[in-house]
Amino acid sequence: KPSGGFSKEAVVRILKNVVLVFSSGYILFYFSELLFWARVRPNDNLAGWLMTWLAYSLLTFAFLWLVSRYHISSFWPLFLAGACFGWLAEGLLVQTTYEDLPLSISFTGLAWHALLSVGLGWGLLPASLGGRPRRSIWIAALTGLGYGLWAICWWLEPDGGVSSLPQFALHAFISAALYLPACFLLKWSASEPFHPSRGLTIAVGLLYLVYFLLVTLPAAPVALLLLPALLGLAWLGLRGTARRANGPTMLETLAEPVRPGRYLALLALPVAATVVYAAALALDLKWQTNWLLYLITTPAGFILFITAWVKSRRMAKTPG
């Protein structure tokens with residue numbers, strides 16, 4: 001170690017922490033944006049996607065800090081951390097959390113971001129790669145089935161449109177092809193504990209605060225009361241999990257290495273989505289699948305959050 005420099009171990013730790021943030025950021029960007037919009041919109045471009053990935057990575061920093069700080073090792077506290085991520089995405093970065101209260105508290109912060117982006121895309125699918133290959137393929141294929149059905153809802157939306165089969169397939173396969181290395185890098189980088197410096201953590205927090213004051217509040221003044229209340233409620237639930245956490249954390253579980261060929265199972269996602277989309281085009285389906293998802297996941301988001309919060313608070317009260 002040179003005088004005043006970093007040791008090799010410190011450099012590796014910093015590198016893995018940076019990779020963890022950006023690989024997780026892409027995974028959450030992929031599930032939250034690319035799968036949500038399910039097509040290339042007229043105003044989409046590479047620069048815009050890169051900026052959105054960067055924005056998601058900044059929000060992912062807070063999510064990973066919660067996962068590490070509160071030793072999250074199971075679904076219920078993970079959902080609470082996912083709720084924080086979802087409310088930061090929809091209540092800080094954009095202001096959709098305040099557009100149709102109280103239902104907009106759940107959709108999309110809880111119903112999509114916490115449940116699908118975090119629970120499924122960041123948690124279940126990468127973790128499944130360490131089990132039987134058939135299980136990973138089935139989970140990815142069922143995800144693709146839902147993705148393909150969701151995609152056709154945009155045919156009926158005023159700002160939507162019908163993508164051709166080649167257009168949809170290209171979007172589905174290219175974005176999924178990047179999801180595979182993101183999962184690989186997530187597993188590689190998760191082997192190092194996520195411990196950002198206090199200075200960096202404070203700097204990111206100040207960046208959130210400045211954005212909140214200059215962008216969020218002018219657009220949605222109700223955020224002054226609602227966003228801190230929502231985040232505080234989730235944080236209160238998470239406090240009980242750190243003392244009672246048992247077994248490996250989620251990051252430790254995700255860090256378990258798998259053979260490179262296992263990642264190919266994730267391609268079942270775009271394959272299934274493209275098959276469903278092709279069938280919908282052939283049958284000229286006019287299904288408002290967005291309403292079906294909305295009616296199911298919006299109440300589910302509230303129920304899951306309440307359940308996670310109650311379980312976490314009971315955990316806090318249980319004698320050690």
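Select tyrosine 30 to begin: α1 bends there by about 35 degrees, the bend being the angle between axes fitted to the seven residues ending at a residue and the seven starting there. This is a predicted model, in which local features need pLDDT of at least 70, side-chain atom pairs count only at pLDDT 80 or more, and totals for chains, interfaces and linings use all residues. Residues are numbered from 1 along each chain as its sequence is written, and side-chain values use heavy atoms, with hydrogens and water left out.

Next, show all of helix α1, residues 8–37 (helices are DSSP runs of H or I, at least four residues, numbered from the N terminus). Its 30 residues should span 44 Å at 1.5 Å a residue, and the end C-alpha atoms are 42 Å apart, which agrees; the expected span is 1.5 Å times one less than the number of residues.

Step on to alanine 38, which follows α1 and has a positive phi, near 60 degrees.

Alanine 38 also lines the largest cavity, as do Trp37 and Arg39, among others. A cavity is a set of points on a 1 Å grid over the protein atoms alone where a 1.4 Å probe fits but cannot get out; lining residues have an atom within 4 Å of a point. The space in the largest cavity is about 30 Å³, a volume being the space filled by probe spheres set on the points.

Finally, select asparagine 290, in helix α11 (residues 289–317). Asparagine 290 is buried, at 15% relative accessible area (buried means under 20%, with a 1.4 Å probe and protein chains only). Beyond its neighbours within four places in sequence, asparagine 290 contacts Trp150, Cys153 and Glu157, contact meaning heavy atoms within 4.5 Å.

How values were computed: Helices (H or I, at least four residues) and strands (E, at least two) are DSSP runs, numbered from the N terminus. Buried means under 20% relative accessible area, exposed over 50%, partly exposed in between (1.4 Å probe, protein chains only). On a 1 Å grid over the protein atoms alone, a cavity is a set of points where a 1.4 Å probe fits but cannot get out, and a pocket is an open set with protein on both sides within 12 Å along at least five of seven lines; lining residues have an atom within 4 Å of a point.
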